[in-house]
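Please look through the sequence and the model shown here before reading on. The report that follows takes up confidence, then one chain's fold, then the contact between chains.

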Amino acid sequence: MIYAAVTLALLVAMAMALGRAWLGPTVYDRILALNTFGTETVLVIAVVGFLFGRPEFLDIAILYALINFIGTIAALKFFKFGDLGHGLDYEEDDEEGAA
Amino acid sequence: MDALAEGSIAATIATAAEVLGWICVIAGAFFCLVGGIGLLRMPDMFTRMHAAGVTDTMGAGLILAGLALHEGFTLITVKLGFILLFIVFSSPTATHALSQAALAGGLTPWRKGEPRDSEVYSTGPGPSKEEKATAREEASSKG
């Protein structure tokens, strides 16, 4: 019963994180929201495993935690270097500012 | 008599662990909700990272600790410990990389009295080039 209530609370928190991912406004807000969403997914998998009496779900939770971290770092790297790829004129601006 | 007393002590410890586990799990769910509300209501990306940190530390930590208290000393508890250890290491790393990428991408932290970022720009990877140019002029005029 309490496990069910905790699962419901976690699902509400996940909906809030998805709302932030929907609202943005920057891409970093969306990455942050997805990172939080992934952490809460790990918790939901663990709690649901205990709720249904199958704690073997924790293997899936471990896997999801690993994938969540790697996915966050990969998305950040993509957006950081995507910005740098666009930003050759940024470097020129900086050089002008330095000169 | 002694065996009976030992049995009742063990039962008391088991009950205490169960109650403590319920308290931890419920408190963890509460902190997850607090983090979700903060994620929606904080004014900009850097303050929202603070709210996300509540979910990553108190929420995940308390829920996993509560589940471990319910399970006792088994392989399940070891797996819960692995998840907790990994979250404890990965969450600050992701937060650091995120804030560094956001600063490199041109976001500036929100100050008290400024409008919420949703009122400054609506979409895209950070402020526009004109906004950055005006901010740079303001900074150079100040300096």
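## Confidence in chain A

Chain A has a mean pLDDT of 82, where pLDDT is the predictor's confidence in each residue, from 0 to 100, and 82% of the residues of chain A reach 70 or more. Over residues 83-88 of chain A the pLDDT stays under 50, and for these residues the model has two contacts beyond four places in sequence; two residues are in contact if their C-beta atoms, placed from the backbone, lie within 7 Å.

This is a predicted model, in which local features need pLDDT of at least 70 and side-chain atom pairs count only at pLDDT 80 or more, while totals for chains, interfaces and linings use all residues. Residues are numbered from 1 along each chain as its sequence is written, and chains are lettered from A and ligands numbered from 1 in the order in which they are written.

## The fold of chain B

Chain B holds five helices and zero strands, in the pattern α-α-α-α-α along the sequence; helices (H or I, at least four residues) and strands (E, at least two) are DSSP runs, numbered from the N terminus. Among contacts in chain B between residues at least 6 apart in sequence, 60% join residues at least 24 apart.

## Where the chains meet

The contact draws 40 residues from chain A and 47 residues from chain B. On the side of chain A that touches chain B, the elements giving two or more residues are α1 (2-23), α2 (27-51) and α3 (58-86) of chain A, and α2(A) gives the most, with 15 residues.
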